[in-house]
Amino acid sequence: MSWLLSRVLMLVLGTCIGGWIGWWLGHWMLAPPLAAGLGAGVAVALMGLWDAARAHRLVNWLRGDQTDDAPRLAGIWGEVAYRMERGLRDRERRYERERQQLEQFLQAMEASPNGVILLDDQDQIQWCNRLAADHFQLDPQRDKLQRITNLVRYPAFVSYLQSRQYNQPLALQNARGKAHLQVLMRDYGVGGECRRLILSLDVTDRERNESMRRDFVANVSHEIRTPLTVLAGFIETMASLNLTEAERKRVLHLMQQQTLRMQTLVGDLLTLAQLEGSPRPAADHWIAMDPLLARVSADARALSAGRHEVVCDRLTQVEVAGVETELLSAVANLVSNAVRYTPEGGRIELHWRWLGEKGGEIAVVDNGPGIAREHLPRLTERFYRVDGSRSRDTGGTGLGLSIVKHVIQRHGGELRIDSEPGKGSTFRLLVPANRLRHVDSGAMGDEAAPAMLASREDDEAA
């Protein structure tokens, strides 16, 4: 009520001023009653002009953008200006809070691992995140307020949208043909408006892994069932027939071969499981390359038994950071494959080469029959064989190259295969530069000498 008190005081003050003016005029010029009336009129006019001026200032502020403070006025107009300014500022703060909440909500949906699309009651796109735009080839800005059925025209999607039956997700393949999507829809809205939320998830890796799991189980079952069937048949033969000593030895030899085959298969499966479940090896344990290559070449000569010419680089003066048993297994797998599949009299080479800033490579080269181009992308798949009968005859499990790929990937590298029918094959293990270092021959340690000496003697004997 402060404005009412100020109003009364102003009225009293105006009346006093008007009375004084009236007394002065009455004393000198007019009759007292007329002078008093004239004084009161002047006082009211002055007060009206003052109010009009304050009201004009307030109206000018309201006509602007209200970014500045409201005019500081006395009386009721000051109270009105203060109340209006406070209401505007409260509304601005509420708007800013709601804007920030909406921005945070949209940022959360943008960070979602799912694609998110919001549709209005006319199936028009109100908003979508970048992941959904990538899934359905949309533009978040250009396609806003467009009917989604005009942009996503898969018959299965349109039928799913129009069915209003969203209990089960929809499996969909996107337009690029490389990704499998899982689409789920939900209705929402208030006040009779039926809006829709569309969630999309890329399940390509899941589908691929599931397919690989099914193939893996089927292949393992097949690979183990074959030797088990052979063993069961031999056991039944020995139990039901009177075999000669020569026949019995032959059956036992074949049974031993099948047993070793199963043991090798189980060992390779365990190795793969260990590689897939273990963290990447640290780059703080250094392994000398020369004794490793010397050991692999010695094993290759023993496996070849003089049927091939085996050539290995000497004095690479390189150390690689990683797990020695894994790297030895990877290189040995490549060399043993070359020995198994290269015809007698062929040549097998084991090389090291620096690649500058890219690191280096271990290459296993043979002049065997080679591999057709269509088989190269699938060679590292488990149990994949170019020629199944030939692989089993040579004792392979179909897991060697898969092990090699996992080993080199765990060390940050890559396996590359170049081959052409009739021109042999080249398998390269690319090792990154951060896992390699050059050392002097004298700093490699005494443990490298025996393996290198034995390999050198094998070369001289060959």
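**Group meeting: a sheet and a helix pair**

I'll start with the sheet: strands S1 and S5 run antiparallel and are joined by five bridges. Helices (H or I, at least four residues) and strands (E, at least two) are DSSP runs, numbered from the N terminus. Two strands count as paired if DSSP finds at least two bridges between them. In this pair, Leu119 stands opposite Arg196 in S5.

A word on the source. This is a predicted model, where local features need pLDDT of at least 70, side-chain atom pairs count only at pLDDT 80 or more, and totals for chains, interfaces and linings use all residues. Residues are numbered from 1 along each chain as its sequence is written, and side-chain values use heavy atoms, with hydrogens and water left out.

Back to the strands. S5 also pairs with S4, in the antiparallel sense, over eight bridges; there, Val183 has Ser200 in S5 as its bridge partner. S4, residues 180–188, is in turn joined to S3 by four bridges, again antiparallel. Ala171 stands opposite Gln182 in S4.

Put together, five strands make an open sheet in the order S2-S1-S5-S4-S3, with antiparallel pairing. S2 (125–128) and S3 (170–173) are at the edges with a single partner strand each, so one side of each has no neighbour in the sheet. From one strand to the next, the twist averages 25 degrees. Angles here run from 0 to 180 degrees between N-to-C directions, and axes are lines fitted to C-alpha atoms, for helices over the stretch in contact.

What packs on the sheet? Helix H6, residues 155–163, does, touching S1 (115–119), S3, S4 and S5 (195–202). Its direction makes about 20 degrees with that of S4. Contact means heavy atoms within 4.5 Å.

Now the helix pair. H10 (residues 324–341) and H12 (residues 400–410) pack at about 145 degrees, with axes 9 Å apart. On the H10 side, the residues in contact include Leu327, Ala330 and Leu334; on the H12 side, Leu401, Ile403 and Val404 are among them. The residues of this contact divide into seven nonpolar, four polar and two charged. Ala, Val, Leu, Ile, Met, Phe, Trp, Tyr, Cys and Pro count as nonpolar, Asp, Glu, Lys and Arg as charged, and the others, Gly among them, as polar.

Last, H10 itself. Its 18 residues, at 1.5 Å a residue, should span 26 Å, and the end C-alpha atoms are 26 Å apart, which agrees. The expected span is 1.5 Å times one less than the number of residues.
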